[in-house]
Amino acid sequence: MYTEEARAIRNSIEELPEMLRIIMWIIDFDTELTMNGILGFLENSSGRYLSETVAALQLIGSTKDAALLKEIEQQIEKINVETKIE
């Protein structure tokens, strides 16, 4: 998934079948979380798919992780709104 050849596929993830997208989002989340913690995930390109990762975790029954990630997502949105207003 992290080879040069696979990067082209990852760059067009929206075109993949849903099951492959779910698998990739979960692997990316797990990899980033293990290597760099939650900030590593959020700051990396994987973080662009935060909402999709939450949905993927819900689909596989990882409800506690999905709920925590959803709370992080809501806090990020709240901070962004306040920043825009200022």
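In what order do the elements of the protein chain run from the N terminus on?

1. **Fold.** The order is α-α-α-α, and the protein chain holds 4 helices and 0 strands. Here helices (H or I, at least four residues) and strands (E, at least two) are DSSP runs, numbered from the N terminus. The C-alpha trace spans about 45 × 30 × 25 Å along its principal axes.

2. **Basis.** This is a predicted model, in which local features need pLDDT of at least 70, side-chain atom pairs count only at pLDDT 80 or more, and totals for chains, interfaces and linings use all residues. Residues are numbered from 1 along each chain as its sequence is written, and side-chain values use heavy atoms, leaving out hydrogens and water.

3. **Confidence.** The mean pLDDT (the predictor's confidence in each residue, from 0 to 100) is 85 for the protein chain, with 91% of the residues scoring at least 70. Helix α3 (residues 50–59) has the highest confidence, at 95, and α1 the lowest, at a mean of 72. Where pLDDT is low, predicted coordinates should not be read in detail.

4. **Helix packing.** The axes of α2 and α3 lie 9 Å apart, at an angle of about 110°. α2 and α3 are therefore roughly perpendicular to each other (65 to 115 degrees, taken from 0 to 180 between N-to-C directions of lines fitted to C-alpha atoms over the stretch in contact).

5. **Largest pocket.** About 160 Å³ of space lies in the largest pocket; a volume is the space filled by probe spheres set on grid points. A pocket is an open set of points on a 1 Å grid over the protein atoms alone, where a 1.4 Å probe fits, with protein on both sides within 12 Å along at least five of seven lines.

6. **Lining.** α1 (4–11) and α2 (18–43) each supply at least two lining residues, and α1 gives the largest share, 3 residues.

Terms used:
On a 1 Å grid over the protein atoms alone, a cavity is a set of points where a 1.4 Å probe fits but cannot get out, and a pocket is an open set with protein on both sides within 12 Å along at least five of seven lines; lining residues have an atom within 4 Å of a point. Angles under 35 degrees count as roughly parallel, over 145 as roughly antiparallel, 65 to 115 as roughly perpendicular and the rest as oblique.
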